[in-house]
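Please look over the sequence and the three-dimensional structure shown here before reading on. The briefing that follows begins with a term and then takes up the structure topic by topic.

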Amino acid sequence: MKSAPKSVPLLEIKGTTLAMTVLQAALRSADLPSLADSLTDQYGPSSDFFSFEPTVIDLGELPADIALDWSGLLPLLRRYQVAPIGVRNASPAQAEAARNVGLIVVEEAETQVRHSPRRAEAAAPTAAAAAPAQAELDIAPANAPANEAPAAAPAPAAAAEAAPSGTLVLDKPLRSGQQVYARGGDLVVLAMVSPGAEVIADGNIHIYAPLRGRALAGARGDANARIFTTCFEAELTSVAGVYRTFEPGSEKSLTGKPVQIRLEGEKLVLEALKTS
């Protein structure tokens, strides 16, 4: 008599490493009306710019005894298509409250990965740069550890990455959802960066084509890095973690023209490039 075949598990859990961008939101107030006003000032009444990218809420600038109203804060963030997955730099009470609403505590997760006998190849995914320190809620790609490259966003095709130093040259168009990172050097792009695509470099970024997506130069904190494009139509630009977002046609005097972006103090400066 043959034994009955074993049933296939209805839930099978395996370890994996996903390519994804994680934003870091620096929270500087627990007052929901003030936070709502701050978000409106930065991004308007609502925004689809962040596209529900996973976000870690940094509580390091809040007093340890401040309790957060997660039942109000989470819907507020989701209105802007921000998807919180965890907190960091939380006090014990704040960490417990975050766990109660289903968020992870990043430091605990990192410790478990470091000490796990089946450690993943990479710990918490990170991206290129940190946010400026002015508004009550700043959202930007989180700082990457010094020995790790920014993690790539999900892409239809494999993202390209440079050698540890030198210049990476990209001669094919970058489609929405794709990301290219030039680790340790400059990035030269000879084709269009489409809306929803992202180019990142530890050094400068030179784009000899329309820039319609996101460009992040000086990803490891090089404040002297610059972004150059022959046709400026960007969604977001960042140098050494200081970033600006753009609505279509918001920079009317520069849209479609050669532009350079550089950092001046804590402010991004956009300048028209002379072509003759």
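The model is a predicted one, and its secondary structure comes to four helices and 16 strands.

**The protein as a whole**

- The protein has 276 residues, of which 43% count as buried.

**The aromatic pair**

- A pair of aromatic rings is described by two values, namely the distance of the centres and the angle of the planes.
- One aromatic pair is found when the whole structure is searched, and this pair is formed by F232 and F246, with 5.2 Å from centre to centre and 90 degrees between the planes.
- The pair counts as edge-to-face because its angle of 90 degrees falls in the class of planes over 60 degrees apart.
- F232 belongs to strand β12, which covers residues 227-232, whereas F246 sits in the loop between β14 (242-245) and β15 (259-264), so that the pair links distant parts of the chain, 14 residues apart.
- Both F232 and F246 are buried.

- V169, L190 and Y208 together make a nonpolar surface patch of about 310 Å².
- V169, one of these residues, has its place in strand β6, which covers residues 166-170.
- V169 counts as exposed because its relative accessibility is 51%, and the exposed class takes in values over 50%.

**Two residues with positive phi**

- Most residues other than glycine have a negative phi.
- Q81 has a positive phi, near 60 degrees, although this residue is not a glycine, and it lies in the loop between α2 (70-79) and β3 (82-88).
- Q81 counts as partly exposed because its relative accessibility is 21%.
- A240, which is also a residue other than glycine, has a positive phi near 50 degrees, and its place is in the loop between β13 (236-239) and β14.
- A240 likewise counts as partly exposed, because its relative accessibility is 25%.

Technical notes
Residues numbered from 1 in each chain as written. Predicted model: local features only at pLDDT ≥ 70, side-chain atom pairs only at ≥ 80, totals over all residues. Heavy atoms only, no water. Phe/Tyr/Trp six-rings, centres within 6.5 Å; stacked < 30°, edge-to-face > 60°. Buried < 20%, exposed > 50% of the residue type's maximum accessible area, 1.4 Å probe, protein only. Patch = residues over 30% accessible without salt bridge, like charges linked within 9 Å, V, L, I, M, F, W, Y side chains within 5 Å. Areas by Shrake-Rupley, 256 points an atom, 1.4 Å probe, with all protein chains shown as cover. Salt bridge = Lys/Arg side-chain N within 4 Å of Asp/Glu carboxyl O.
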